[in-house]
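Have the viewer open beside the text and follow along.

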Amino acid sequence: MFVSSHVPGSVHDYDLHKQIYHTYGEYLRMSEEEVARLEDNVDPPFWPVMGDKEYTGPDHDTEPIKRIVPAKGPLLNQHQRARNLVINRKRVVVEGFFGRLCNLWAVFRNTWRYDRASFDEDFTIACLLTNEHKSKCFDWQKRTRAIQR
């Protein structure tokens, strides 16, 4: 899991992405097995980053990492609207993760009022624990459904 260092809220997500994408680029590199499973040849073999509509800018901003962003504008054609729907359905998983994190760890629901020196570590730990919680809940739900059948 990659968690960036905190920045002021006035720093746009895309600006942060342009500054730090090289630090997690290797994390997004596809393995040989992943490349072999793809129908299309991907060069360079990196997983793309899925962002919101504001992750706009020229492709060379973050080479070799590609971005998948919804189309924006008032006059989208049917293909663009359908593509946006697919992208947004996938992005909701990320938004749900942050909702779960805030539900589990109340300290992250509001403005951080504690020592900022430890914020990055505290947030990373909360992300890891939230991820573990989600996996345990998923295992529990699968077992419960199996027993009910």
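Ring pairs join Phe108, Trp112, Tyr114, Phe119 and Phe123 into a cluster. Please keep in mind that this is a predicted model. The structure holds 7 aromatic pairs.

| Pair | Centre to centre | Angle between planes | Geometry |
|---|---|---|---|
| Phe108 and Trp112 | 5.3 Å | 25° | stacked |
| Phe108 and Phe119 | 6.1 Å | 70° | edge-to-face |

Why is the pair of Phe108 and Trp112 stacked? The planes of Phe108 and Trp112 stand at 25°, and planes under 30 degrees apart count as stacked. The pair of Phe108 and Phe119 has 70° between its planes, while the cut-off for edge-to-face is over 60.

The pair of Phe108 and Phe119 also links distant parts of the chain. Phe108 sits in the loop between H3 and H4, and Phe119 belongs to helix H4, 11 residues apart.

Trp112 is buried at 11%, and Phe119 is buried at 18%.

Now for a residue in helix H3, Asn84. With 6% relative accessibility, Asn84 counts as buried. Which residues does Asn84 touch, once its neighbours within four places in sequence are left aside? Asn84 is then in contact with Pro70, Ala71 and Leu76.

On to the empty space. Rolling a probe the size of a water molecule over the atoms shows where empty space is left. The largest pocket holds about 1,800 Å³ of space. Its lining counts 43 residues, and Phe2, Ser4, Tyr55, Val94 and Phe98 lie nearest the centre. Helix H1 (13-24), strand E1 (49-50), helix H3 (78-104) and helix H4 (119-148) are the elements that give two or more residues to this lining. Which element gives the most? That is H3, with 9 residues. Sorted by class, the lining of the largest pocket has 26 nonpolar, 9 polar and 8 charged residues.

The second largest pocket has a volume of about 170 Å³. Its lining is made up of Met30, Leu38, Asp40, Val42, Asp43, Pro44, Phe46, Trp47, Pro48, Pro64 and Lys66. How do these residues divide by class? The lining of the second largest pocket has 8 nonpolar and 3 charged residues, with no polar ones.

Finally, a step back to the chain as a whole. It has 4 helices and 2 strands, and from the N terminus the elements run α-α-β-β-α-α. Along its principal axes the C-alpha trace spans about 50 × 40 × 40 Å. Of the 149 residues in the chain, 21% are buried. The chain exposes about 11,300 Å², and carbon and sulfur atoms supply 53% of that area. As for contacts between residues at least 6 apart in sequence, 42% join residues at least 24 apart.

Terms used
Residues numbered from 1 in each chain as written. Predicted model: local features only at pLDDT ≥ 70, side-chain atom pairs only at ≥ 80, totals over all residues. Heavy atoms only, no water. 1 Å grid on protein atoms, 1.4 Å probe; cavity = no way out; pocket = protein on both sides within 12 Å on 5 of 7 lines; lining within 4 Å. Points joined across faces, edges and corners; volume = space filled by probe spheres on them. Nonpolar A, V, L, I, M, F, W, Y, C, P; charged D, E, K, R; others polar. Buried < 20%, exposed > 50% of the residue type's maximum accessible area, 1.4 Å probe, protein only. Contact = heavy atoms within 4.5 Å. Areas by Shrake-Rupley, 256 points an atom, 1.4 Å probe, with all protein chains shown as cover. Phe/Tyr/Trp six-rings, centres within 6.5 Å; stacked < 30°, edge-to-face > 60°.
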